[in-house]
Amino acid sequence: MQTALLPPHEAMAASLDAVAEAGVDIVPVYFERFFAQCPADSAMFHNRAASQGAMVNEMLTMLLAQAASEEWVPMMMRAQVTTHWDHGEIALERYRDALDLLVDVLAETAGAGWLPEYEAAWRGQVERMFALIARVY
């Protein structure tokens with residue numbers, strides 16, 4: 001008997017429980033890899049303690065809110081893209097890379113607790129988010 005898949009928002013929330021069970025702060029893991037991919041981006045983070053955690057939190061919040069069909073997401077994404085222009089020209093593809101990296105880190109942190117359903121939910125929301133970013137970019 002096949003079980004019904006959870007709605008994306010519920011699958012994503014459940015996946016965060018699997019990540020939390022690992023007991024790992026994903027922010028330093030994320031940024032170690034982020035800066036390895038683009039070392040020059042390090043200069044954009046003036047107050048690392050605050051801005052790095054905020055960036056990861058904002059990505060998680062926006063993806064989860066989008067999956068829950070929150071109406072404010074497009075407006076907030078437009079504001080985020082506009083704000084990021086203050087740091088210089090950020091190539092459109094860097095947004096996708098940053099979102100993909102987030103999901104990679106979540107999956108690796110959760111390990112065996114990361115289910116295909118979680119992967120599909122997160123990757124689907126990354127695609128939707130990137131399409132939104134591309135429209136407002």
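A pocket is an open set of points on a 1 Å grid over the protein atoms alone, where a 1.4 Å probe fits, with protein on both sides within 12 Å along at least five of seven lines; lining residues have an atom within 4 Å of a point. The model is predicted, so local features need pLDDT of at least 70 and side-chain atom pairs count only at pLDDT 80 or more, while totals for linings use all residues. Residues are numbered from 1 along each chain as its sequence is written.

**Stop 1: the largest pocket**

Select Met55, Glu58, Gln80, His84 and Tyr95, the closest to the pocket's centre of the 24 lining residues. The volume here is about 610 Å³, taken as the space filled by probe spheres set on the points. Now show α3, α4 (73-85), α5 (92-110) and α6 (116-136), each of which supplies at least two lining residues. Helices are DSSP runs (H or I, at least four residues), numbered from the N terminus. The largest share of the lining, six residues, belongs to α3.

**Stop 2: α2 against α3**

Next select residues 26-37 (α2) and 48-67 (α3), which pack at an angle of about 95 degrees with axes 10 Å apart. Axes are lines fitted to C-alpha atoms over the stretch in contact, and angles run from 0 to 180 degrees between N-to-C directions. The two helices are therefore roughly perpendicular (65 to 115 degrees). Residues in contact (heavy atoms within 4.5 Å) include Tyr30 and Phe34 in α2, and Met59 and Leu60 in α3.

**Stop 3: Gln125**

Finally, select Gln125 in α6. Gln125 is buried, at 5% relative accessible area (buried means under 20%, with a 1.4 Å probe and protein chains only). Among the residues touching Gln125 are Pro8, Met12 and Leu63, not counting residues up to four places away in sequence.

Note on methods: Heavy atoms only, no water. Parallel < 35°, antiparallel > 145°, perpendicular 65-115°, else oblique. Buried < 20%, exposed > 50% of the residue type's maximum accessible area, 1.4 Å probe, protein only.
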